[in-house]
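Hello,

Please find the structure below, with my notes after it.

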Amino acid sequence: MLLKYTVQNKAEAGTYALPFQVTEQEIVLSTLIIPASEAEGRIVIEVSLAWENPLLNWDIGELDIRLRRNDEQGPVLDWLQDSCYQEGFAELSYEETAQQAETHVYCLTVQSADHRAVVTGPLMMRGSVYVDQMDDNPDEQ
């Protein structure tokens, strides 16, 4: 498999809105767009994020991470529930094969009951498109 296209969103700890208190309301952390011109092939979405439990009473922190299609209301493509006592590092990977050249939008959301998670960073969301072989000259057929 050859890498055809890649796009990445990344936020280091202490940059942008990090640290970010996660609440019981599902909220968008990042969105990734793979343009139609690049979307044919095997699409791999990788997510990693560092977070911590803000509670100091040794109660377990919990973080729900969802990868959705299009936006925060779209269908759930993959889901992960992570827990920790102090600090956590969560990773999620999703793959699909795109048959048509259409724009693909992926939305990363988080949620935590009782405010039991703070996303501290780093946060990374990467989308890669792989193909069996590259077509050097698509006009010659």
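The notes cover backbone geometry, cysteines and salt bridges, in that order.

This is a predicted model, in which local features need pLDDT of at least 70 and side-chain atom pairs count only at pLDDT 80 or more, while totals for chains, interfaces and linings use all residues. Residues are numbered from 1 along each chain as its sequence is written, and side-chain values use heavy atoms, with hydrogens and water left out.

Backbone

One runs from leucine 18 to proline 19, with omega near 0°. Proline 19 sits in the loop between β1 (2-11) and β2 (20-22). Strands here are DSSP runs (E, at least two residues), and helices would be runs of H or I of at least four residues, numbered from the N terminus. The other cis bond joins glycine 121 to proline 122, with omega near 5°. Proline 122 is part of strand β9, residues 117-131.

Positive phi values also turn up at residues other than glycine. Tyrosine 16 has phi near 55° and belongs to the loop between β1 and β2. The side of the accessibility scale on which tyrosine 16 falls is exposed, at a relative accessible area of 75%. The cut-offs are under 20% relative accessible area for buried, over 50% for exposed, and partly exposed in between (1.4 Å probe, protein chains only). Histidine 115 is not a glycine either and has a positive phi of about 55°. Histidine 115 is located in the loop between β8 (104-111) and β9, and is partly exposed at 32% relative accessibility.

Cysteines

How many disulfides does the rule give? The count is zero, where a disulfide is a pair of cysteine sulfur atoms within 2.5 Å. Cysteine 84 is buried at 8% relative accessibility, and cysteine 107 is buried at 1%.

Salt bridges

Side chains of opposite charge can pair when their charged atoms come close. The search of the whole structure finds eight salt bridges, each defined as a side-chain nitrogen of Lys or Arg within 4 Å of a carboxyl oxygen of Asp or Glu. Several of them are described here.

Glutamate 46 and arginine 126 form a salt bridge through their side chains, at 3.2 Å from N to O. Glutamate 46 is in strand β4 (residues 41-52) and arginine 126 in strand β9, so this pair ties together parts that are 80 residues apart in sequence. Both ends are partly exposed: glutamate 46 at 27% relative accessibility and arginine 126 at 26%.

Glutamate 96 is bridged to arginine 69, with the closest N and O atoms 2.7 Å apart. This pair links distant parts of the chain, with glutamate 96 in strand β7 (residues 87-98) and arginine 69 in strand β5 (residues 61-69), 27 residues apart. Glutamate 96 counts as buried at 15% relative accessibility, whereas arginine 69 counts as partly exposed at 21%.

Arginine 116 makes a salt bridge with aspartate 114, where the closest N and O atoms are 3.9 Å apart. Here arginine 116 is buried at 17% relative accessibility, and aspartate 114 is exposed at 54%.

Finally, Glu26, Arg66 and Arg68 are joined in a network of salt bridges.

Regards
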